[in-house]
Amino acid sequence: MKLVRYGEVGAEKPGLMDGETLRDLSNHVADITGDMLSDATLDTLRGIDPASLPEVKGNPRLGPCVGNIGKFLCIGLNYSDHAAETGAAIPEHPILFFKANSAIVGPNDDVVMPRGSTHTDWEVELGVVIGKKAKYVSKENALDHVAGYCVINDVSERHFQTQLTGQWTKGKSCDTFGPTGPWLVTRDEIPDPQTLDMSLDVNGKRMQTGNTSTMIFSVAEIIEHLSGLMTLHPGDVITTGTPPGVGMGMKPNPVYLKKGDVMELTIQGLGKQRQKVDQDV
């Protein structure tokens with residue numbers, strides 16, 4: 001299934017994709033949140049004939065594909081070629097940072113650079129949505145704890161991230177820096193999350209091309225590692241790193257976003273995002 005949240009900010013309704021048709025799920029679930037991401041609830045939803053659901057007319061805004069996200073956990077430098085372009089060593093363990101939940105927006109909402117920003121960058125990433133509580137999980141059964149997958153743009157302000165004394169979170173947590181969606185694709189549709197092509201364009205120019213097969217730490221290994229440090233709860237989201245082609249890695253000079261730019265992201269089987277860039281004044 002491809003589960004969707006649609007409608008105005010703060011008033012999103014649950015839906016699912018029936019081919020190219022968006023259908024309303026409001027008569028069956030209140031929202032797409034951790035509370036309804038168990039295997040049992042998802043199996044119940046799979047039993048519904050999509051044609052029996054009301055069709056959503058028009059072209060409504062798509063919200064983040066998961067509501068009330070618990071933890072937004074991020075893995076850095078998880079592609080060997082991306083680590084190389086940034087001049088960083090290959091990490092021995094998954095690098096973890098957090099992105100503030102106030103950064104989360106819909107997949108096609110504007111990305112608004114903070115006041116004075118001159119180093120805002122793009123990062124297409126595979127998002128993993130936890131569906132079952134995970135504590136001390138082994139990599140052999142880690143994927144059983146996944147509800148599904150989505151596209152995430154881990155937008156990053158590099159000056160804030162590296163120069164404002166502290167951890168990466170400063171440059172990762174600006175408002176609108178976490179576009180998530182367009183839909184949550186349940187894990188049965190993605191039997192192997194390590195085989196997915198991914199790309200990102202800025203103003204129609206291809207910047208990032210990659211495949212999840214080149215991750216340093218697989219999705220299963222990441223879940224094993226994180227669940228040994230903290231309990232992962234349904235509705236938590238893990239974003240798993242980005243392939244090469246980010247702006248800060250451009251040679252001979254880095255390239256950063258500016259007002260009016262348009263980012264377009266896609267991951268195989270998970271849909272597309274499109275954001276226009278604005279800036280606070």
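R187 counts as partly exposed, at 24% relative accessibility (buried means under 20% relative accessible area, exposed over 50%, and partly exposed in between, with a 1.4 Å probe and protein chains only). Its side chain meets that of D39 in a salt bridge, 3.0 Å from N to O; a salt bridge here is a side-chain nitrogen of Lys or Arg within 4 Å of a carboxyl oxygen of Asp or Glu. D39 is partly exposed too, with a relative accessible area of 32%. R187 sits in the loop between β13 and β14 and D39 in helix α1 (residues 39–46), so this pair ties together parts 148 residues apart in sequence. Helices (H or I, at least four residues) and strands (E, at least two) are DSSP runs numbered from the N terminus.

A word on what you're looking at: this is a predicted model, where local features need pLDDT of at least 70 and side-chain atom pairs count only at pLDDT 80 or more, while totals for chains, interfaces and linings use all residues. Residues are numbered from 1 along each chain as its sequence is written, and side-chain values use heavy atoms, with hydrogens and water left out.

Back to the charges. By this rule there are 20 salt bridges. One of them joins K2 and E189 at 3.1 Å, N to O, linking strand β1 with the loop between β13 (184–186) and β14, 187 residues apart. In another, D236 and K71 have their closest N and O atoms 2.7 Å apart. D236 lies in the loop between α5 and β16 and K71 in the loop between α1 and β4, so parts 165 residues apart in sequence get tied together. D236 is buried, at 2% relative accessible area, while K71 counts as partly exposed at 22%.

Now the sheets. An open sheet of nine strands runs in the order β3-β2-β1-β13-β10-β9-β16-β4-β5, with mixed pairing; two strands pair if DSSP finds at least two bridges between them. β3 (21–24) and β5 (95–98) stand at the edges with a single partner strand each, so one side of each has no neighbour in the sheet. Over at one end, β2 and β3 make a hairpin with two residues between them, and G19 in the turn has a positive phi of about 65 degrees. β4 pairs with β16 (residues 237–239) in the parallel sense over three bridges, with F72 opposite V237.

There's also an open sheet of five strands, ordered β7-β18-β17-β14-β15, again with mixed pairing. In it, β14 and β15 run antiparallel, joined by six bridges.

What about the inside? The largest nonpolar core has 51 residues, and I223, L232, I238 and L270 have the most contacts within it. Such a core is a set of buried Ala, Val, Leu, Ile, Met, Phe, Trp, Tyr and Cys residues joined through side-chain atoms within 4.5 Å. The largest share of this core, five residues, comes from α5. L270 touches residues including L126, Y149, W183 and I190, leaving out those up to four places away in sequence, where contact means heavy atoms within 4.5 Å. Apart from this core lies another of 25 residues, among them L3, M36, V66 and F72.

Finally, T120 is found in strand β8 (residues 120–121) and counts as buried, at 0% relative accessibility. Beyond its neighbours within four places in sequence, T120 is in contact with M113, F177 and Y256, among others.
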